[in-house]
Amino acid sequence: MEKGRTRTMAHILRWVLTLTFVCNLAALPLVPGLVGINWSGGAETLRLLSESSGVPVFQVFALSCWQYLWRVWRIGPEAVVLALFLLLCGTCTAVILWQGLRVLKKVEAGRAFCAENARYAATAGTVCFVISALALARFLWAVCYYGSLQPLFSYNTLFIPVFLAAGLMLMVLSALIRQAAELKAENDLTI
Amino acid sequence: MAICVNLDVMMARRKIGAGELAAKIGLTPANLSILKNNHAKAIRFSTLDALCEALECQPGDILEYRKE
């Protein structure tokens, strides 16, 4: 009964994660465009461009995203750092989601406690540490660049402890799964 | 592991096959194979009891300690 419920929940969660993973991958190429559009006036500029040219907003957005793929790197250091940070973090979150999908696939197959799941959780934890380190690097860069402690009060600073804690939790979870897998193997091999 | 299971020796002495022994003591052939091939991590007293009864032997005839 409990096993069936766990599998059902894992199945639903796997669908949600798959959708999130696809959205994550689809959003990655749009990052330079979104940063560029944000730097050149945001949605208002898009609307004005659309009205003056008579082209639909979505088309203007798509064209801007395409152009900013290489133009964003010439806007300025702030835009470059933001685009790089978001691109790297987006890649990292895609890796975390992929590991989550692999874990859920094993749970659905009824093999929640196996060495592979421990490895997947550890990989996700390591990637969380990478995101935390990236946020720290961006924070330090911003402190040096602006010459003030104002970046301390941004969402970017929040990334550092949140992803550090998430990484540590995933590492603990990985150790627990490994221990459970060992106990299960021992139990299975008790005749 | 330093503990060796000499089940195949006892089975040969008693001229009994794996399938027959498994059926006699209520084990699956797969589990008996794990035991016979020294892949088991532990053995329950109830299994040992059934094995000794079926093979008419002592636990020492089945289990042996070999210094590694």
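In the predicted model, K106(A) is buried, with a relative accessible area of 18%, a value that falls under the 20% cut-off for burial. This lysine belongs to helix α5 of chain A, which spans residues 77-108. When neighbours within four places in sequence are set aside, the contacts of K106(A) are with R111(A), A112(A), C114(A), E116(A), N117(A) and Y120(A). One of these partners, E116(A), also forms a salt bridge with K106(A), in which the closest N and O atoms are 3.9 Å apart. Because K106(A) sits in helix α5 of chain A and E116(A) in helix α6 (residues 115-146) of chain A, the pair ties together parts that are 10 residues apart in sequence. In contrast to the buried lysine, E116(A) is partly exposed, at a relative accessible area of 24%.

Over all chains, a search of the whole structure finds seven salt bridges. Among them is the pair R47(A) and E51(A), whose side chains meet at 2.7 Å, N to O. Both residues lie in helix α3 of chain A (residues 43-53), where they are four residues apart, or about one turn of the helix. R47(A) counts as partly exposed, at 36% relative accessibility, whereas E51(A), with a relative accessible area of 54%, is exposed. In chain B, the side chains of E64(B) and R66(B) are likewise joined by a salt bridge, at 3.3 Å from N to O. Both of these residues count as partly exposed, E64(B) at 30% relative accessibility and R66(B) at 42%. Salt bridges that share partners also form a network, which joins E44(A), R47(A) and E51(A).

A further residue of chain A, W39(A), is placed in helix α2 (residues 31-39) of that chain, and at 38% relative accessibility it counts as partly exposed. Beyond its neighbours within four places in sequence, W39(A) is in contact with I75(A), E78(A), A79(A) and L82(A). The C-alpha atom of W39(A) is separated by 15 Å from that of L84(A), a residue 45 places away along the chain.

With regard to the interface, chain B and chain A bury about 710 Å² between them, and 66% of this area is on carbon and sulfur atoms. On the side of chain B, the residues that lose the most area to chain A are K41(B), A42(B) and R44(B), which together account for 59% of what that side buries. The contact draws 11 residues from chain B and four residues from chain A. Although the count of salt bridges between the two chains is zero, five residue pairs in polar contact are found across the interface, with both residues of each pair at pLDDT 80 or more. Helix α3 of chain B (residues 29-36) supplies the largest share of the side of chain B that touches chain A, namely three residues. By residue class, that side of chain B divides into six nonpolar, three polar and two charged residues.

As to confidence, the predictor assigns the complex an ipTM of 0.76 and a pTM of 0.78. Chain B has a mean pLDDT of 89, and 99% of its residues reach 70 or more. Within chain B, confidence is lowest in strand β1 (residues 3-5), at a mean of 89, and highest in helix α4 (residues 45-55), at 92.

Conventions
Residues are numbered from 1 along each chain as its sequence is written. Chains are lettered from A and ligands numbered from 1 in the order in which they are written. Side-chain values use heavy atoms; hydrogens and water are left out. Contact means heavy atoms within 4.5 Å. Buried area is the accessible area (1.4 Å probe) that two parts lose on being put together, summed over both. A salt bridge is a side-chain nitrogen of Lys or Arg within 4 Å of a carboxyl oxygen of Asp or Glu. A polar contact is a pair of N or O atoms within 3.5 Å; within protein, one must be able to donate a hydrogen and the other to accept it, and residues adjacent in sequence count only if both atoms are side-chain atoms. Helices (H or I, at least four residues) and strands (E, at least two) are DSSP runs, numbered from the N terminus. Ala, Val, Leu, Ile, Met, Phe, Trp, Tyr, Cys and Pro count as nonpolar, Asp, Glu, Lys and Arg as charged, and the others, Gly among them, as polar. Buried means under 20% relative accessible area, exposed over 50%, partly exposed in between (1.4 Å probe, protein chains only). pLDDT is the predictor's confidence in each residue, from 0 to 100.
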